[in-house]
Amino acid sequence: MSAGRIQLEALGIALGDGASAFTAVRDVNAVIEPGEFVCILGPSGCGKSTLLAGLAGHVAPNAGRATLDGKLIEGPHPERGMVFQQHTLLPWRKTLDNVAFGLKMRGVKKRERHLRARALLDRVGLGAFAERYPAQLSGGMQQRAEIARAILNEPRVLLMDEPFGALDAQTRASMQALLLDVWSERRPTVVFVTHDIDEALFLADRVLVMSHSPGTVLEELRVPFARPRERELVTEAGFVALKRRCLALLRYPLASPMAASNDAPARIDISHSVLS
Amino acid sequence: MATLAYSAPSLLRSRGARAGVQWASLALCIALWHLATTHRWNLGIVTFENVPTPADTLAAIIDLAHSPKLVAHLTSSVRRIAAGYVAAAASGVVLGIAIGRSQWSRLALLTPLEVLRPIPAVAWIPLAILMFPSSEMSMIFITFTGAFFPILLGTIHGVEGVEPRLVSSARSLGAGNRVILREVILPGAAPAIVTGLAIGMGTSWFCLVTAEMISGQYGIGYYTWQSYTVQRYPDVVVGMLLIGLLGMGSSALVRIAGTRLTPWLAAGRIR
């Protein structure tokens, strides 16, 4: 069984209608292999979240097509799990029922789904908070519950829209480690959107760098570092070189990919980068 | 995790102090009423010369309390309100969800409803009598018109306010339209629906006197109106007070039931 191969062919997405319509994503071509961890890196407002929403089936493309395992993506489906930057746990459901929601949709009996949800909550350190409402959790806990809910549904593809963007640096680092840990067990295909270069390079097998709006893929970078990865990786020479390359690509958002690749700046001034 | 709850100013921290202020304000209102009526204040644009005093009103209350008709008045009114209110709640919530969720329903239904909304209950009386075979049904219909619009508008407001990302997210977890309605839309709109229901309860009582103008013998609204036509003014005030108290009480019951039905709201406030 082929599991989780995504193919994007000349994909374009327009948002809004009438006079206010604009092209958010233009002419994206990419193949994402089953079990691969791909990060989409781009400046804010470049259309990377729209691209992800297109993969989730929450917005329809106006050009080209997106397929999963050869089948056209036409709407939301539990085989493509989605994690948002701001959690989307149901405020009226306790954490346990939120995490078990996908299983409930699949008709899993209450005892069984609670058992499995509890086991996963223990795994992500939320065991003691199963009976709390989302509003009673901290931001990091809410995000862990959000991810646990998507994972428990065992999707072939996990779509993540800056899932750690609102967290503090320390929480973010531990969440990244947790995500890699869980991913290495079940190996769903992951498409992870971020504007944080370190995060993209630490997590991904491959990084797709997107241009300014309308977003299209400027370049794809292989991230060859061995797994499991340790935090120290971010200070190694190979990592820094790749990071410099990303910065160059993101600093000249309007330049062509060729120009950017020939013209990596000698001195990198992060404070002026579009990322700051 | 542990956020400090909002701390009230020191004077109002104890429950007793808060109740004290509430009772004192009520006592002050009655004292003013007493002064205005016993001294027959005439303020030019408004005069209290013919307004019953609290003492007269109290005597009328005691009379009514001993009257065998009191129970009949109360049960007739409560029954009419209950029937009109239940019908308004059911249709208001159902139509509100339809209008809030579907562009089609909104375009098809909202315009005629907006035309009907400003029509006061009293203007419905002739048509209500013409449309319904029994006067009882006409009266229920009038209380219905009072409760319906706040419930409808509350529901539309609540449904439109549901975070669209919650719907998207639930769909990505495999939820279909019916599940979205049950698990996302209804609970998401619940706080606004409860507010609409509580306001609708009050406005339903608001229309009671109007409704019971049609009545032949029983009902608090009937009692109030009848007392006016036979010039028993203290009884008018008793009827008014009864309607006020019952309206306030039943609105409070709706709010309490609403709070019970939305436990997550309280959980979010007190962490």
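Biologist: Where is A:D69 placed?
Modeller: This is a predicted model, and in it A:D69 sits in the loop of chain A that runs between β4 (63-68) and β5 (71-72).

Biologist: What is the phi of that residue, A:D69?
Modeller: The phi of A:D69 is near 50°, which is a positive value in a residue other than glycine. As background, most residues other than glycine have a negative phi.

Biologist: And how exposed is A:D69?
Modeller: A:D69 is partly exposed, because 16 other C-beta atoms lie within 10 Å, and a residue needs 20 or more to be called buried.

Biologist: Which loop holds B:R40, and what is its phi?
Modeller: B:R40 belongs to the loop between α1 and α2 (54-66) of chain B, and its phi is also a positive value, near 50°. B:R40 is exposed, because it has 12 other C-beta atoms within 10 Å and the exposed class covers 12 or fewer.

Biologist: Staying in chain B, where does B:L35 lie?
Modeller: B:L35 lies in helix α1 of chain B, which covers residues 15-38. B:L35 counts as partly exposed because it has 13 C-beta neighbours inside 10 Å. The C-alpha atom of B:L35 is 9.5 Å from that of B:P54, although the two residues are 19 apart along the chain.

Biologist: How is chain B divided into domains?
Modeller: The domain assignment gives domain 1 as residues 9-51 and domain 2 as residues 52-263, and the centres of these two domains, taken over C-alpha atoms, are separated by 29 Å.

Biologist: Back to chain A, then: how many helices and strands are there?
Modeller: The secondary structure of chain A comes to nine helices and ten strands. Chain A is as compact as a globular protein of its length, because its radius of gyration of 19 Å is close to the 19 Å that the globule rule gives for 276 residues. Of those 276 residues, 44% are buried, and among contacts in chain A with a separation of 6 or more, 69% are between residues 24 or more positions apart.

Biologist: Which residues of α8(A) are buried?
Modeller: They are A:L242, A:C246, A:A248, A:L249, A:L250 and A:R251. Helix α8 of chain A, residues 237-251, reaches 21 Å from its first C-alpha to its last, close to the 21 Å expected at 1.5 Å a residue.

Biologist: What joins A:R227 and A:P228?
Modeller: A cis peptide bond joins them, with omega at about -5°, and A:P228 lies in the loop between β10 (217-222) and α8 of chain A. In general, most peptide bonds are trans.

Biologist: Which residues have the most contacts inside the largest nonpolar core?
Modeller: That core has 126 residues, and those with the most contacts inside it are A:V38, A:L41, A:L159, A:V191 and A:F192. Helix α6 of chain B, residues 135-160, gives the most to this core, with 13 residues. Leaving aside residues up to four places away in sequence, A:V191 touches several residues, including A:I32, A:L52 and A:V157.

Biologist: How many residues does each chain put into the contact?
Modeller: The contact takes 21 residues from chain A and 18 residues from chain B. On the side of chain A that touches chain B, β6 (80-83) and α3 (101-105) each supply at least two residues, and the residues of that side divide into twelve nonpolar, seven polar and two charged.

Notes. Residues are numbered from 1 along each chain as its sequence is written. Chains are lettered from A and ligands numbered from 1 in the order in which they are written. This is a predicted model: local features need pLDDT of at least 70, side-chain atom pairs count only at pLDDT 80 or more; totals for chains, interfaces and linings use all residues. Helices (H or I, at least four residues) and strands (E, at least two) are DSSP runs, numbered from the N terminus. Two residues are in contact if their C-beta atoms, placed from the backbone, lie within 7 Å. Ala, Val, Leu, Ile, Met, Phe, Trp, Tyr, Cys and Pro count as nonpolar, Asp, Glu, Lys and Arg as charged, and the others, Gly among them, as polar. The radius of gyration is taken over C-alpha atoms; the globule rule is 2.2 Å times the number of residues to the power 0.38. The expected span of a helix is 1.5 Å times one less than its number of residues. Domain bounds come from an automatic or database domain assignment. A nonpolar core is a set of buried Ala, Val, Leu, Ile, Met, Phe, Trp, Tyr and Cys residues joined through C-beta atoms within 7 Å.
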